[in-house]
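Student: I have a structure open and would like to go through it piece by piece. Can you take my questions as they come?

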Amino acid sequence: MNFWEYLGNRRQQLLADAFQHASAVFQCMVVATAIGVLIGVLTYRSQWAGNLATTVTSTILTIPSLAMIGLLIPVVGLGVAPTVTALTLYGLLPIVRNAIVGLRGVDPTLVDAAKGIGMSRLHRLVRIELPLAWPPILTGIRVSTQMLMGIAAIAAYASGPGLGNEIFRGIASLGSKNALNQVLAGTLGIIVLALLFDAVYVLIGRLTIPRGIRV
Amino acid sequence: MTPKRRGAPRDPEPPHAGSPYTDSPYTESSYADTPYAASPREEDEAAGAAGREGAPTSPVAARQPRRVTWRKVTVLPAVLAVVLLATWLWFAQADLDSISENALSDGQVGKALRQHVELTAISTFFVLVIAIPLGILLTRRAFRKGAPVAMALANMGQATPAIGLLALLVIWLGIGEKAALTGIIIYAVLPVLSNTIAGLRANDPTLLEAARGIGMSPLGVLAKVELPLAVPLILAGVRTALVLNVGTATLATFGGGGGLGVLITTGITNQRMPVLLLGSILTVVLALLVDWLASLAELVLSPRGLEVRS
Amino acid sequence: MSETSGPSGPPAAATGATIELEDLTKRYPGSAEPAVDSVNMEIKAGEIVIFVGPSGCGKSTTLKMINRLIEPTSGRIRIDGEDVTDIDPVKLRRKVGYAIQSSGLFPHMTVAQNIALVPRMIGWKKARITSRVEEMLDLVGLDPAEFHGRYPRQLSGGQQQRVGVARALAADPPVLLMDEPFGAVDPITRDHLQDELIRLQHELHKTIVFVTHDFDEAIKLGDRIAVLRERSHIAQFDTPEAILTNPADDFVSGFVGAGAALKRLNLTRVRDVEMADVPTVTVDDPLQRIFDKLRASGTNELLLLDKRHRPYKWLRRGDLMRARGSLARAGTLVHDTVTRDATLRDALEAVLTDNAGRVAVTGRRGEYLGVVDMETLMNSVHEMLEADRLDALEHQHELEEQRSRLTQHEQEGGSGEATA
């Protein structure tokens, strides 16, 4: 069975896996974005809290995802739970970091000007600081998503959902004829998903970043 | 900053002024600290889009003043030592069944650890030997056209799941350390390469012009100006590669390459939490330790003149 | 402009309000000396007051305490008699325009959005905001149709600064604070912006507090100048004329610098001196009329205006003959004019560089108003200096009298209420 035949035969299964993969990543990203930006907003004004958040996030990023999943299994069990926890946790990190850097990077004279023309704290955050910090935050979201695509594949080993299962099925049947097809289908599927997501982010960037601060 | 920020402190609530934390290890908040900062997209995008803030994501430009402080040297190893001690104590009193005993006996843990370190060290060596010269080459005039191709490849690589890449290599090269090593190297070459290219390009063109202007040969400019300026970046690349490789090496187990991943997968498949935990904890400790060592190396080896940039 | 005052603001919001600072002090924790030490000042409605002083003297801090961007440690601020020291700072700032160096425009908003910010925050209706934005752009000399949708980075430094001023004035605040607003633009643009500000102020009569470290700028713009020394101590607070002719102490005279007489020229504008008149014709006039006028005038010279009455060419008696009656070839082009708001210094410059020693004065749209030449300038400068001298004498006299009266009082054990 060549690769195309394999794809044709297993279309249903593959599409379901791809959908699950994308949906897990997407949902975790939504949660991660909300929490990440919130953490950024809460911590960036304090030197101490912001740096702590940045340090913690970069430390967690250093931890290999398989080890993280391994640590989560005794706590939350196998299956969807460790996957979702690990994905959300890793997804948070680049967003928190970029939100803090982005918010801190807003020109202080602009904040001063905003204060000077009578904008309240909330107004400044919503109208000035967040829009100006949005490009780096969006970049954080892109980076997160790409990372999660790969981590989600590994999470399949802990019975998580998605295209990773395809890859692990291939590894389990090494030497059989279908091994290559399975691994290839899973890997290419994840690449395609990642590129699709990325394209969507480019589009979102086009639509949401004002022309005045676009590159 | 704007020239009007002079004289007496004017800010009503000076956000950073005189903060007691300026010397703490936490000031080390620059982007270069994390493996994923290597992503060229992140760099280009955020740096450009938010250009006013002096490119926060750039591995070179956003560097804060760094010093080797005693807290930096002691805190992390102390924490790791405590973690290891606690794990050891727990194992000393824990009741292990035969499967767990089996998985952990005969110096298997030591072997896994040694394999993991080996995989990381060897792969990092090759990554640096391949990626940095290639990066330098791709920023020379003759080969500059190749750079976008490399960048595009790196971006694609970023989207490739490590486990998929490894599995493909295992199918191609057969089970064993060779496939695992190849996979780890390929996976880390691209980010380090794009980091190198981005960093060399970020060098101030006026400096290079000045260097040429005082009569340096192209080789002289490279050796005396560009590379020294790029040292922090290359060190960041080393750190990136190391951390990334510790992570990818956990996956070597799926290709029969050994490493600490063996303990984790054995724990998961046999449902033995002690084995799983031991593997995970050792991996985490190793990753953090390697990152810490690399960060120290960065501090010690960076040229003095490039240190203070606020 | 009073018809545009906000519904929430007081009815007379369009023109200025008084500002009183009373023992205003700022002390930063951890420093022994206060950054601003007990400033007392009364600023009249509708005047431009300039804070000028060396770097770090606390002039900006003092300014920012007026809209409480920096909270004063002690002291009171009163605007139009109302004590604003303890009111909600956000509310206060919406009534006080604020323009800063390098404009402080928000890069992610268009010019129109930037200007509309404050009106939107205080809840103006959409239609009103739209028309206000157009009006403000027009006011600062930018074509609304062209600049409306642009982003700040698509503007030059001078244009950004204009938009910054427009934004500060959008909600028609009675008070405008300007913190070195023209510090970051090139000298030529700065000059233009200063002229613009003077013109604006002629229309609007706001109370403007303006911080600069450039004494020439202070002289040019200020109705009164507060020369500040360290910790914002007021070395002298007086009209530019008085500071130039009668500096209070060495610090002030050091700050005034050399060339006080030349600087004095900055204080008077062309509109304040008598302009001469030359006979004029327009390009549409028939040739015969032009000949007649030339012959009839005693000056040998007349000014040819274009269709929109802007100075176009200087025509001498022989010019038309030499050009064989062709207007297109005859005469010398007018290459330099000054506006009514130009300072005498600008006019002098123009006169000195003109080969016939005269320069045409134009109005807002460039239309011809009159001519200034060396003679008019000399006369007015002499008059001016003489008047200053008398003023200064009188002033000194008064001071001495006051002092002697005070001493008298003290000797008599009086309460010290010598003057009303």
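This is a predicted model: local features need pLDDT of at least 70, side-chain atom pairs count only at pLDDT 80 or more; totals for chains, interfaces and linings use all residues.

Student: Start with chain C. How many helices and strands does chain C have?

Tutor: Chain C has 15 helices and 17 strands. Its C-alpha trace spans about 80 × 65 × 35 Å along the principal axes.

Student: What share of chain C is buried?

Tutor: Of its 420 residues, 41% count as buried. As for contacts in chain C with a separation of 6 or more, 63% are between residues 24 or more positions apart.

Student: Which domains does the assignment give for chain C?

Tutor: Domain 1 covers 19-257 and domain 2 covers 272-377. Taken over C-alpha atoms, the centres of domain 1 of chain C and domain 2 of chain C are separated by 39 Å.

Student: What does UniProt place at residues 19-256 of chain C?

Tutor: An unreviewed UniProt entry places the feature "domain: ABC transporter" there. In the model, residues 19-256 of chain C are 39% helix and 24% strand. The end C-alpha atoms of that stretch are 26 Å apart.

Student: Now strand β8 of chain C. Is it mostly covered or mostly open?

Tutor: Mostly covered: β8(C), residues 207-212, has 6 of its 6 residues buried.

Student: And which residues are on which side?

Tutor: C:T207, C:V209 and C:V211 are on one side of β8(C), and C:I208, C:F210 and C:T212 are on the other. Both faces are covered, with all of these residues buried.

Student: Which strands join to β8(C)?

Tutor: One is β3(C), residues 48-52, which pairs with β8(C) in the parallel sense over 5 bridges. Here C:V52 stands opposite C:T212. Another is β7(C), residues 175-179, which runs parallel to β8(C) and is joined to it by 5 bridges. In that pairing C:L176 has C:I208 as its bridge partner.

Student: What unit do β7(C) and β8(C) make with helix α7 of chain C?

Tutor: A right-handed β-α-β unit, with α7(C) spanning residues 187-204.

Student: Why does C:I66 count as buried?

Tutor: Because C:I66 has 24 other C-beta atoms within 10 Å, and the cut-off for buried is 20 or more.

Student: Leaving aside its sequence neighbours, which residues is C:I66 in contact with?

Tutor: Setting aside those within four places in sequence, C:I66 is in contact with C:I19, C:I77, C:V96, C:L177 and C:V209. Of these, C:V209 is one of the buried residues of β8(C).

Student: How many Å apart are C:I66 and C:I129?

Tutor: C:I66 and C:I129 are 27 Å apart in space, C-alpha to C-alpha, and 63 residues apart in sequence.

Student: Next, the sheet with β11 to β14 of chain C. What is the strand order?

Tutor: The order is β11-β12-β13-β14 in chain C, an open sheet of 4 strands with mixed pairing. Its edge strands are β11 (280-282) and β14 (332-333), each of which pairs on one side only.

Student: How do β12 and β13 of chain C run, parallel or antiparallel?

Tutor: Antiparallel, with 5 bridges between β12(C), residues 301-305, and β13(C), residues 311-316. C:L303 has C:W314 in β13(C) as its bridge partner.

Student: On to the other chains. How many residues are in contact between chain A and chain C?

Tutor: 17 residues of chain A are in contact with 21 residues of chain C. On the side of chain A that touches chain C, the elements giving two or more residues are α6 (108-116) and α7 (121-155) of chain A. The most comes from α6(A), with 6 residues. By class, this side of chain A has 9 nonpolar, 5 polar and 3 charged residues.

Student: What does UniProt say about residues 18-201 of chain A?

Tutor: They are annotated as "domain: ABC transmembrane type-1" in an unreviewed entry. The span is 85% helix and 0% strand, and its end C-alpha atoms lie 19 Å apart.

Student: And what is the secondary structure of chain B?

Tutor: Chain B has 11 helices and 0 strands. Of its 310 residues, 48% count as buried. Residues 24 or more positions apart make up 76% of the contacts in chain B with a separation of 6 or more.

Technical notes. Residues are numbered from 1 along each chain as its sequence is written. Chains are lettered from A and ligands numbered from 1 in the order in which they are written. A residue is buried if 20 or more other C-beta atoms lie within 10 Å of its own, exposed if 12 or fewer, and partly exposed in between; C-beta atoms are placed from the backbone. Two strands pair if DSSP finds at least two bridges between them. A crossover is right-handed if, with the strands pointing away from the viewer, the path from the first strand over the helix to the second runs clockwise. UniProt positions are given in the numbering used here, feature names are shortened, and annotations may be inferred rather than shown by experiment. Two residues are in contact if their C-beta atoms, placed from the backbone, lie within 7 Å. Domain bounds come from an automatic or database domain assignment. Ala, Val, Leu, Ile, Met, Phe, Trp, Tyr, Cys and Pro count as nonpolar, Asp, Glu, Lys and Arg as charged, and the others, Gly among them, as polar.
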